[in-house]
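Hello,

Here is the structure I promised to send over.

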Amino acid sequence: MTEQELMKLGFEKVMVYDEESDNGYDYHYFRKQVGGSMFLAADNFNKEGELRVNIDDPGLVIRDINLVKELINVFSKIENAERKARVSKENG
């Protein structure tokens with residue numbers, strides 16, 4: 001996944017300067033609001049182009065069982081893809 005792909009999906013690039021964070025360097029992350037107060041945040045690209053995505057919304061409530069099933073399906077697909085990548089990497 002690339003920065004350009006995230007931008008095409010509507011992610012916003014957020015710059016954080018050392019003066020704001022006081023951590024000794026500037027950095028950036030990407031975020032996309034996907035619900036009232038729910039954001040997807042992406043800030044850790046690694047050398048394989050993988051991306052860690054954090055979902056931060058402690059007040060998220062799901063009342064529709066079909067949406068729960070869809071979420072389970074999506075997360076299962078992510079886990080399966082990760083498992084396949086790990087096995088492929090182990091097998092060379």
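A word on terms before we start: helices (H or I, at least four residues) and strands (E, at least two) are DSSP runs, numbered from the N terminus. Please keep in mind that this is a predicted model, in which local features need pLDDT of at least 70 and side-chain atom pairs count only at pLDDT 80 or more, while totals for chains, interfaces and linings use all residues. Residues are numbered from 1 along each chain as its sequence is written, and side-chain values use heavy atoms, with hydrogens and water left out.

First, the overall layout. The protein has three helices and four strands, and along the sequence they follow the pattern α-β-α-β-β-β-α. Of its 92 residues, 12% count as buried, where buried means under 20% relative accessible area, exposed means over 50%, and partly exposed is in between (1.4 Å probe, protein chains only). Taking contacts (heavy atoms within 4.5 Å) between residues at least 6 apart in sequence, 16% join residues at least 24 apart.

Now to the charged pairs. How many salt bridges does the structure hold? There are three, a salt bridge being a side-chain nitrogen of Lys or Arg within 4 Å of a carboxyl oxygen of Asp or Glu.

One of them joins the side chains of Lys13 and Glu3, at 3.6 Å from N to O. Lys13 belongs to strand E1 (residues 12-16) and Glu3 to helix H1 (residues 3-8), so this pair ties together parts that are 10 residues apart in sequence. Both ends are partly exposed, Lys13 at 38% relative accessibility and Glu3 at 32%.

Another salt bridge brings together the side chains of Glu12 and Arg31, at 3.1 Å from N to O. This pair links distant parts of the chain, with Glu12 in strand E1 and Arg31 in strand E2 (residues 27-33), 19 residues apart. Glu12 is partly exposed at 40% relative accessibility, and Arg31 is partly exposed at 30%.

The side chains of Glu82 and Arg86 also meet in a salt bridge, at 3.8 Å from N to O. Here both residues sit in helix H3, four residues apart, which is about one turn of the helix. Glu82 has a relative accessible area of 37% and Arg86 one of 43%, and each counts as partly exposed.

Helix H3 (residues 65-90) also contains Val74, which is partly exposed with a relative accessible area of 43%.

One backbone detail to finish. Most residues other than glycine have a negative phi. Asp22, although not a glycine, has a positive phi of about 55°. Asp22 is found in the loop between helix H2 (18-21) and E2, and at 68% relative accessibility it counts as exposed.

Best wishes
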